[in-house]
Amino acid sequence: MNIEKSIGIILKALEDNKALDVIVFEVSKLTSISDYMIIASGRSSRQVNSIAEKVTEAAKGNGLVSLGTEGKKEGDWVLVDLGDIIVHIMHPDTREYYQLEKLWSAETIEAEQAENR
């Protein structure tokens, strides 16, 4: 399955389960751990866990391999590792504190500037 279709499956699962503020980053030029990172929020720890569960189910149901899930016990930040795609589902307070969007967008800008030199 191509990566665009895989991302589409994940985004649909996030949308269907009322995830908020969904952002997709291509990080293949920045790290070897994954090609894409998706960041989304849930309104509560319960919703964060539920969204993560539904993303995992949708991925497996469409032939994507889930390499693991971390953070379900706490429910503030659940990471779903799908290999080429890593999905971060976060409580809004946790997301604000860690500001992954700023980290990855800053890394993207730096990589683009380095390529243009």
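**Entry 1: salt bridges**

I began with lysine 12, whose side chain forms a salt bridge with aspartate 16. The closest N and O atoms of this pair are 3.0 Å apart. The model I am reading is predicted, and I keep that in mind for every value below. Both lysine 12 and aspartate 16 belong to helix α1, where they are four residues apart, about one turn of the helix.

I then asked how many salt bridges a search of the whole structure finds. The search gives four. I followed up two further bridges.

In one of them, glutamate 53 meets lysine 72, with 3.7 Å between the closest N and O atoms. Glutamate 53 is in helix α2, which covers residues 45-61, whereas lysine 72 is in the loop between β3 and β4; the bridge therefore ties together parts that are 19 residues apart in sequence. I noted a relative accessible area of 39% for glutamate 53, which makes this residue partly exposed. Lysine 72, at 36%, also counts as partly exposed.

In another bridge, the side chains of arginine 95 and glutamate 101 meet at 2.4 Å, N to O. Are these two residues buried or exposed? Both glutamate 101 and arginine 95 are buried.

**Entry 2: glutamate 101**

I stayed with glutamate 101, which is part of helix α4. Its relative accessible area is 17%. The cut-off for a buried residue is under 20%, so glutamate 101 is placed in that class.

**Entry 3: aromatic rings**

Next I turned to the aromatic side chains. A search of the whole structure finds two aromatic pairs. In the pair of tryptophan 77 and tyrosine 98, the ring centres are 5.0 Å apart and the planes stand at 55°, so I recorded the pair as tilted. Which elements does this pair link? Tryptophan 77 is in strand β4 and tyrosine 98 in helix α3, so that distant parts of the chain, 21 residues apart, are linked. For tryptophan 77 I found a relative accessible area of 26%, which counts as partly exposed. Tyrosine 98 is likewise partly exposed, at 44% relative accessibility.

Tyrosine 98 also pairs with tyrosine 97. Here the distance is 4.9 Å centre to centre and the planes are 85° apart, an edge-to-face arrangement. Tyrosine 97 has a relative accessible area of 65% and is therefore exposed. I wrote down Trp77, Tyr97 and Tyr98 as one aromatic cluster.

**Entry 4: a charged patch**

I looked for charge on the surface and found a patch of negative charge in which Glu74, Asp76, Asp93 and Glu96 gather. I checked one member, glutamate 74, which lies in the loop between β3 (68-70) and β4 (77-81). Glutamate 74 has 54% relative accessibility and so counts as exposed.

**Entry 5: positive phi angles**

I then looked at the backbone. Most residues other than glycine have a negative phi.

Lysine 18 has a phi near 60°, a positive value in a residue other than glycine. Where is lysine 18 found? Lysine 18 is in the loop between α1 (3-16) and β1 (20-26). With 54% relative accessibility, lysine 18 counts as exposed.

Glutamine 99 also has a positive phi, near 50°, and is not glycine. Glutamine 99 lies in the loop between α3 (92-98) and α4 (100-115). Its relative accessibility is 28%, so I listed glutamine 99 as partly exposed.

**Entry 6: the whole chain**

Finally, I stepped back to the protein as a whole. I counted four helices and five strands. In what order do the elements run from the N terminus on? The order is α-β-β-α-β-β-β-α-α. Of the 117 residues in the protein, buried residues make up 39%.

Technical notes: Residues numbered from 1 in each chain as written. Predicted model: local features only at pLDDT ≥ 70, side-chain atom pairs only at ≥ 80, totals over all residues. Heavy atoms only, no water. Helix = DSSP H or I, 4+ residues; strand = E, 2+ residues; numbered from the N terminus. Buried < 20%, exposed > 50% of the residue type's maximum accessible area, 1.4 Å probe, protein only. Patch = residues over 30% accessible without salt bridge, like charges linked within 9 Å, V, L, I, M, F, W, Y side chains within 5 Å. Areas by Shrake-Rupley, 256 points an atom, 1.4 Å probe, with all protein chains shown as cover. Lys, Arg positive; Asp, Glu negative; His and termini not counted. Charge placed at Lys NZ, Arg CZ, Asp CG, Glu CD. Phe/Tyr/Trp six-rings, centres within 6.5 Å; stacked < 30°, edge-to-face > 60°.
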